Amino acid sequence: MLFNSIEYLLFLPVVFLLYWYGFRQRRWQNAFVVVASYVFYGWWDWRFLILIAFTTACSYASGVAIEHFKDNRRRQKLVCAANVIVNLGILGAFKYFNWFVDSLQSLVGIWGWQLDFVTVQLILPVGISFYTFQALSYTIDVYKGKVEPTHDVVAFFAFVSFFPQLVAGPIERASNLLPQFLADRRFSYPAAVDGMRQMLWGFVKKMVIADNCATYVDHIFTHFHTCNSSELILGVLLFSFQIYGDFSGYSDIAIGTAKLFGINLMQNFNYPYFSRNIGEFWHRWHISLTSWFRDYVYFPLGGSRCSQAKKIRNTMAVFVVSGIWHGAKWGYVTWGFFHGLAFVVLMLIGGNKKYRDTVAQGRVLPSLRDVVNMLVTFLFVAFSRLLYRTNSITDSWHYLCRIFTDFSLSLPAMGGTVTGWIVVFMLVEWLQRTKPHALCIDGVPLLRYRAARWALYLGLVTFTLVYSASSQQFIYFQF
């Protein structure tokens, strides 16, 4: 079920009313969350429910088993490892099996050999990477003693399957989300209002910015062999705003929806296109995933408390694994490798932790140096995503070459309207960059009047309905 669908607009208020008025006790609320989440997820394909239920059951049982073997560290380790292997095995089979077989066949074909493998066309379950990582973090944290194992199986199923963030995050930690399902919840009107505002901004991002960008991006990348350089550059830039509007829009809708149910999810995007270097960018982009890799890959490898060579190894491992997580394509791996190299260079000159404050803090306008740094960072991020969007590394190279071989400074004949919307959109985000989301309007003098607030809400709703493009599936569902 898509957030930007009629089905969801009918589903959400029904679930909201039943949650608060039909099931007042915590255990019944949790059970209802599980049922509603499974309906939401099974809307795509009921067979997906078998996998998420199995992943959840294995992770719950692993926590109980680790507690049972509290006096035997070796058995605890075996239980933890078994759950990790089983769940990563399922993820690998559905997401990477055919890619592995095709890559192996191409490799041995260099020497003229032929391997006769049977390629199984498996349907990739929506969001499998997200809920698998969320479930695995619980098992690992229980093993490390960071989280107490739960015996409330219903609360645990609700933790893994909570529908707002089920298929594209944020990837929550058990230490944050699970206790919220183990405690009684009370409806908060201010939190619900803030959640609705965040959802509204998420819909603007998705339906106006991302989906309109997608129309031009699809055309340009499909016909890049015949486009001139200005159109190709436009395609690169619009794709970056498409993926940002799409994914951060999903996160805003998810976080806002969760607030309606008395649940607080972690921030997943913190105005990443205002980053001044690649280190700050990864501190602000897809925060739940980057922090997951930091805690469960980087730190176990030794983190920063080791030799320089090992720090470089650990950093490259995180970025390459991140590329693999994004999909079964060598372009993703190469993309992760390039970002890893950029981060390593920054780390070697001591700049990876340079920026942790908000750019132009306390000022309306950034300095010239900030502008240059943000522009360079954005362009690196944008052009590296050619490896995301094209069908192969070869196509990425040809696309890039065409920009310089057919170079022109003419304005593209397309995309003028959506470019104007992007300028206004980024201006709003710039002015709100110190707040959790761009429609966090408490304290804005003009909007202290109810009529002004409702005029803003109705204006944004009307704008979204009038100028939304044809509905597109969220990009990160494929990951």
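This is a predicted model: local features need pLDDT of at least 70, side-chain atom pairs count only at pLDDT 80 or more; totals for chains, interfaces and linings use all residues.
**View 1. Arginine 26, at 23% relative accessibility, counts as partly exposed.** Here "buried" stands for a relative accessible area under 20%, "exposed" for one over 50%, and "partly exposed" for what lies in between, with a 1.4 Å probe and protein chains only. Residues are numbered from 1 along each chain as its sequence is written, and side-chain values use heavy atoms, with hydrogens and water left out. Aspartate 152, which is buried with a relative accessible area of 12%, meets the side chain of arginine 26 in a salt bridge of 3.6 Å from N to O. This pair links distant parts of the chain, 126 residues apart, with arginine 26 in helix α2 (residues 26-42) and aspartate 152 in the loop between α5 (128-144) and α6 (153-161). A salt bridge is taken as a side-chain nitrogen of Lys or Arg within 4 Å of a carboxyl oxygen of Asp or Glu, and by this rule there are 17 salt bridges. Helices (H or I, at least four residues) and strands (E, at least two) are DSSP runs, numbered from the N terminus.

**View 2. Aspartate 194 and lysine 259 form a salt bridge whose closest N and O atoms are 2.6 Å apart.** The two partners lie 65 residues apart and link distant parts of the chain, with aspartate 194 in helix α8 (residues 189-222) and lysine 259 in helix α9. Both aspartate 194 and lysine 259 are buried.

**View 3. Aspartate 357 and arginine 276 are joined by a salt bridge, the closest N and O atoms being 3.1 Å apart.** The pair links distant parts of the chain, 81 residues apart: arginine 276 belongs to the loop between α9 and α10, and aspartate 357 to the loop between α13 (330-348) and α14 (368-384). Aspartate 357 counts as partly exposed at 41% relative accessibility, whereas arginine 276, at 6%, counts as buried. Elsewhere, salt bridges that share partners join Arg26, Arg27, Asp152 and Asp184 into one network.

**View 4. Rings of Phe, Tyr and Trp (its six-membered ring) pair if their centres lie within 6.5 Å, with planes under 30 degrees apart counted as stacked, over 60 as edge-to-face and the rest as tilted.** The count by this rule comes to 60 aromatic pairs. Phenylalanine 16 lies in helix α1 (residues 6-22) and phenylalanine 261 in the loop between α9 (229-260) and α10 (278-284), so the pair ties together parts that are 245 residues apart in sequence. Phenylalanine 261 counts as buried, at 2% relative accessibility. The rings of phenylalanine 23 and phenylalanine 32 have centres 4.8 Å apart and planes at 20 degrees, so this pair is stacked. Of these two residues, phenylalanine 23 counts as partly exposed at 25%, and phenylalanine 32 counts as buried at 13%.

View 5. Arginine 73 lies over the face of tyrosine 143, at 3.9 Å from the ring centre. The charged end of arginine 433 sits over the ring of tryptophan 430, at 3.8 Å from its centre.

**View 6. Helix α12 (residues 308-326) has 19 residues and reaches 27 Å from its first C-alpha to its last.** That reach is close to the 27 Å expected at 1.5 Å a residue, where the expected span is 1.5 Å times one less than the number of residues. The buried residues of α12 include Asn314, Met316, Phe319 and Trp325.

**View 7. Proline 125 lies in the loop between α4 and α5.** At 1% relative accessibility, proline 125 counts as buried.

**View 8. The protein chain averages a pLDDT of 89, and 92% of the residues score at least 70.** Confidence is lowest in helix α4 (residues 73-109), at a mean of 79, and highest in α6, at 96.

Terms used:
A charge sits over a ring if NZ of Lys or CZ of Arg is within 6 Å of the ring centre and within 35 degrees of the ring normal. pLDDT is the predictor's confidence in each residue, from 0 to 100.
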